[in-house]
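Visitor: Hi, I'm new to this one and would like a walk through it. Could you show it to me before I start asking things?

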Amino acid sequence: MKSAPIPADELARLEALRGYSLLDTLPEDIYDDITQLASEICRVPISLISLVDENRQWFKSKKRLVPDVDETERDYSFCAHAILNPSEILIVPDAREDARFTGNPAITGPSKVVFYAGVPLVNPEGYPLGTLCVIDNRPRTLTENQLLSLQALARLVNTHFELRKTKLELEATQARLTAADSGASAERLVSRLQPLVQVMQDKVERLVNQAPRPDQFDTLTALQQAATSLNEALSDPGLDRP
């Protein structure tokens, strides 16, 4: 068995993958529908949407995978081999006779992988994130129409990945705009309060200077101090505003 070599642009590829925030998310019907269609069209028992992470391959969708796991080690991943040639479908008619996979636990274990066909899921920047793949427990091939259909389904997966990323970016932009608007609202509030507080401070000072009655002096002094403190706070350039 030969583990797939690490692509030369692996760091950039992993950064691109994580930009979609797909890893370890819950199942979604749209992806499960695609793997169902892939199995039906190619007449195979197993189909997967896999994402090749740093040390694992994680399944966004899986149909009839045995055992029913969410991820496997990258060292044993057929998909890690598939992403090495992003423009090509990796077809393995009989993995038992392929030196890259001889002794692979995916073949000898419960999954009993024999046939594999994987279409790389390539983002617009050219980074392969994973594959849409189909698997059988016996040697076989796919017809030209089946291969074309599998590629079409892979493009559909890519489209939904991009829609997800765009939605996340729009939500982040909206959050920033909301925060900026809150900050602007705070600035406007401060600018409106400052003259009002200054007027209040001036009035209190005039009352204090007019020799108030003894029973008024403590109240006016407290008001004067409060107005002065508030005015200083609103004028402070280091005031923490949203």
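Visitor: Okay, so which residues have the most contacts inside the largest nonpolar core?
Guide: Bear in mind that this is a predicted model. The largest nonpolar core has 27 residues, and those with the most contacts inside it are Leu51, Leu132, Val134, Leu142, Leu150 and Phe161.

Visitor: And which elements give two or more residues to this core?
Guide: They are helix H1, helix H2 (29–42), strand E1, strand E5 (115–122), strand E6 and helix H5 (144–209), and the largest share, 6 residues, comes from H5.

Visitor: Take Leu142, then: what is it in contact with?
Guide: Setting aside neighbours within four places in sequence, Leu142 is in contact with Cys42, Phe115, Ala117, Val134, Leu147 and Leu150. Apart from this core lies another one, of 21 residues, which includes Leu48, Phe78, Cys79 and Leu90.

Visitor: Which way do they point from E1?
Guide: Ile46, Leu48, Ser50 and Val52 point one way, while Ser47, Ile49 and Leu51 point the other way, and all are buried.

Visitor: What does E1 pair with, and in which sense?
Guide: E1 pairs with strand E6 (residues 128–136) in the antiparallel sense over 6 bridges, and Ser47 stands opposite Val134 there. E1 is also joined by 6 bridges to strand E2 (residues 56–63), again running antiparallel, with Leu48 opposite Lys62. E1 and E2 form a hairpin with 3 residues between them.

Visitor: Switching to helix H1, which of its residues are buried?
Guide: In H1, residues 10–18, the buried ones are Glu10, Arg13, Leu14, Ala16 and Leu17. Seen down the helix axis, these buried residues fall within an arc of 160°, so they line one face of H1. On the other side of H1, Leu11 and Glu15 are exposed.

Visitor: What covers that buried set in H1?
Guide: The cover over the buried residues of H1 includes E1 and E6, the two strands that pair with each other in the antiparallel sense.

Visitor: New topic: how much space lies in the largest pocket, and what lines it?
Guide: About 330 Å³ of space lies in the largest pocket. It is lined by 21 residues, of which the closest to its centre are Gln57, Leu65, Thr72, Ala106 and Ser111. The elements giving two or more residues to that lining are E2, helix H3 (78–82) and helix H4 (105–108).

Visitor: I also clicked on Leu168; where is it, and what does it touch?
Guide: Leu168 is in helix H5, and it is partly exposed, with a relative accessible area of 29%. Not counting residues up to four places away in sequence, Leu168 touches Tyr20 and Ser21. The C-alpha atoms of Leu168 and Ser21 are separated by 8.7 Å, although these residues are 147 residues apart along the chain.

Visitor: Last one: how many helices and strands does the protein chain have?
Guide: The secondary structure of the protein chain comes to 6 helices and 6 strands, and from the N terminus on the elements run α-α-β-β-β-α-β-α-β-β-α-α. Buried residues make up 39% of the 242 residues in the chain.

Conventions
Residues are numbered from 1 along each chain as its sequence is written. This is a predicted model: local features need pLDDT of at least 70, side-chain atom pairs count only at pLDDT 80 or more; totals for chains, interfaces and linings use all residues. Side-chain values use heavy atoms; hydrogens and water are left out. Buried means under 20% relative accessible area, exposed over 50%, partly exposed in between (1.4 Å probe, protein chains only). Helices (H or I, at least four residues) and strands (E, at least two) are DSSP runs, numbered from the N terminus. Two strands pair if DSSP finds at least two bridges between them. The arc is that of the directions from the helix axis to the C-beta atoms. Contact means heavy atoms within 4.5 Å. A nonpolar core is a set of buried Ala, Val, Leu, Ile, Met, Phe, Trp, Tyr and Cys residues joined through side-chain atoms within 4.5 Å. On a 1 Å grid over the protein atoms alone, a cavity is a set of points where a 1.4 Å probe fits but cannot get out, and a pocket is an open set with protein on both sides within 12 Å along at least five of seven lines; lining residues have an atom within 4 Å of a point. Grid points are joined across faces, edges and corners, and a volume is the space filled by probe spheres set on the points.
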